[in-house]
Amino acid sequence: MRVEQREHGIDVYVRQSWINDAMMCGERGRQAIVRPEWSKPNDATILGTAVHAGIAQILVHGMGGVGVAHETLNDLLKEPFMRTKYSDEQLHDHVIELMAEWEKNIAPTLDEVVAVEKEFSFELDKFDDPTIGQTVTVYGKGTIDLVTKSSLWDWKTAGRKYNAKEKQSQAVQPTMYSAASVAMGWLDYPVTFNYGVLVRSGKAQIVPVHRNESHTEWLRDIVRPLVRTALLLGTDSSWPKNDTHYLCSDVWCSWWSICKGSKLSPNDITPGGE
């Protein structure tokens, strides 16, 4: 999230990843603003980044995807990351496996390619805030993995299959990206957003999610209070915390050590390490 004071009011820029963080835990959303450099990828994350690079290589140049994925992974292994499960060798094995799954089971289903790794920025919301006394304009920003003539695609690497009903009901990313595609003139509502899920040691999965204007209106209703919280409270002191989400842990939250981890020891949370 980024805030800029303009002559006409306040401009706020948000990405779907920040919206998800702030919805999950207000303090996680604040820390993502003030300490973004603390957010360190893990081994599964860098695998996903490498596979993304390989897929983009194929979509743009028609060949060389596996090689680019391996090269990208080697570069990322030299950077700081959190190793949670996989050795370097296992990660490279997964590159081969996941790229093969994409080429066999997802690539043949793709419509005519319009754009690869397409960045966007569009006006998501605009409102006059009575407390702040200024007009606030909220812009959605991001990068869509693939835009085709008929739909949007985002590549995911995962440890298990996605729940299609859950994604249709709750997922923010399809709503944000669909709204962007309409605002940018690439597609019209209703929009189909496809998750191309590459399951480690499993089969590829295509999860279509459908979005219309009503979903975008709901996203505005979600985002506006988050933006107002940031503007009214500022980022110097903590926001409401939520430790009930499974990602609230030393493994999955980059700011654990200065949040719950600064108050409770591992034994306080799980006595005897059970």
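Q: Why is Asp21 called buried?
A: Its relative accessible area is 17%. Buried means under 20% relative accessible area, exposed over 50% and partly exposed in between, with a 1.4 Å probe and protein chains only, so Asp21 counts as buried. The model is predicted: local features need pLDDT of at least 70, side-chain atom pairs count only at pLDDT 80 or more, and totals for chains, interfaces and linings use all residues. Residues are numbered from 1 along each chain as its sequence is written, and side-chain values use heavy atoms, with hydrogens and water left out.

Q: What makes Arg28 and Asp21 a salt bridge?
A: The closest N and O atoms of Arg28 and Asp21 are 3.0 Å apart. A salt bridge is a side-chain nitrogen of Lys or Arg within 4 Å of a carboxyl oxygen of Asp or Glu, therefore the pair qualifies. Arg28 is buried because its relative accessibility is 13%.

Q: Why is Asp154 called buried, and which residue is its salt-bridge partner?
A: Asp154 has a relative accessibility of 4%, so the label is buried. Its partner is Lys156, with the closest N and O atoms 3.0 Å apart.

Q: What joins Arg2, Glu4, Arg6 and Asp11 into one network?
A: Salt bridges that share partners join these residues.

Q: How many salt bridges does the rule give?
A: The count is 11.
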